[in-house]
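I opened a new notebook page for this chain and wrote down what I looked up, step by step. Have a look at the structure with me before reading on.

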Amino acid sequence: MKLDGLERRVAVLESRLPTPEDEEKRRRDEFLSKCSDEELNQMIKITEKDEPSLEDIVFMEAMEARYEAERH
């Protein structure tokens, strides 16, 4: 009887563990929260394009490098 209760509690606790998708969403939200309004607007414009320009790619890579460096 006690073992069944313990197994249920463990199952509930395990179900609360973050999934890889949860972790990715947390990292994305953290990244976006650090961006200025201007940077966010630029990212929106870039993602709405069919083909990003070289300038767009450089901008996105610089943003990622900048905010990833701040995490460490």
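**Entry 1: the core.** I began with a term: a nonpolar core is a set of buried Ala, Val, Leu, Ile, Met, Phe, Trp, Tyr and Cys residues joined through side-chain atoms within 4.5 Å. For burial I used relative accessible area: buried is under 20%, exposed is over 50%, and partly exposed is in between, with a 1.4 Å probe and protein chains only. Which residues make up the largest nonpolar core? I found 5 residues there: Phe31, Cys35, Met43, Met63 and Tyr67. As background, nonpolar side chains tend to be buried together in soluble globular proteins.

**Entry 2: ground rules.** I noted that this is a predicted model, where local features need pLDDT of at least 70 and side-chain atom pairs count only at pLDDT 80 or more, while totals for chains, interfaces and linings use all residues. Residues are numbered from 1 along each chain as its sequence is written, and side-chain values use heavy atoms, with hydrogens and water left out.

**Entry 3: the overall build.** Next I looked up helices and strands, which are DSSP runs numbered from the N terminus (H or I of at least four residues for helices, E of at least two for strands). The chain has 4 helices and 0 strands, so its pattern along the sequence reads α-α-α-α. The radius of gyration is 20 Å, well over the 11 Å that the globule rule gives for 72 residues, so the chain is more spread out than a compact globule. That radius is taken over C-alpha atoms, and the rule is 2.2 Å times the number of residues to the power 0.38. Along its principal axes, the C-alpha trace spans about 65 × 30 × 20 Å.

I also checked the surface. Of the 72 residues, 12% are buried. The accessible surface comes to about 6,400 Å², and carbon and sulfur atoms hold 56% of that; the areas come from the Shrake-Rupley method with a 1.4 Å probe, and for residues only the protein chains shown count as cover. For contacts, meaning heavy atoms within 4.5 Å, I found that 50% of those with a separation of 6 or more join residues 24 or more positions apart.

**Entry 4: helix 1.** How many residues does helix 1 have? I counted 14, running over residues 2-15. From first C-alpha to last, helix 1 reaches 20 Å, close to the 20 Å expected at 1.5 Å a residue; the expected span is 1.5 Å times one less than the number of residues. Helix 1 is hardly covered, with 1 buried residue among its 14. I picked out Leu6, which sits in helix 1 and counts as partly exposed at 46% relative accessibility. Leu6 and Cys35 are 29 residues apart in sequence, and their C-alpha atoms are 44 Å apart in space.

**Entry 5: Met43 up close.** I then went back to the core. Met43 is in helix 3 and is buried, with a relative accessible area of 7%. Not counting residues up to four places away in sequence, Met43 touches Phe31, Leu32, Cys35, Phe59, Met60 and Met63. Between Met43 and Phe31, 12 residues apart along the chain, the C-alpha separation is 12 Å.

**Entry 6: a buried Asp.** Is Asp56 buried or exposed? I found it buried, at 3% relative accessibility. Asp56 lies in helix 4, residues 54-71. Leaving aside neighbours within four places in sequence, Asp56 is in contact with Gln42, Ile46 and Lys49.

**Entry 7: salt bridges.** A salt bridge here is a side-chain nitrogen of Lys or Arg within 4 Å of a carboxyl oxygen of Asp or Glu. My search of the whole structure found 6 of them.

- Glu23 pairs with Arg26, their closest N and O atoms being 2.5 Å apart. They are 3 residues apart in helix 2 (residues 20-34), about one helical turn.
- Lys25 pairs with Asp29 at 2.7 Å between the closest N and O atoms. They are 4 residues apart in helix 2, about one helical turn.
- Arg66 pairs with Glu39 at 2.6 Å between the closest N and O atoms. Arg66 lies in helix 4 and Glu39 in helix 3 (residues 37-48), so the pair ties together parts 27 residues apart in sequence. Arg66 is partly exposed at 42%, whereas Glu39 is buried at 11%.
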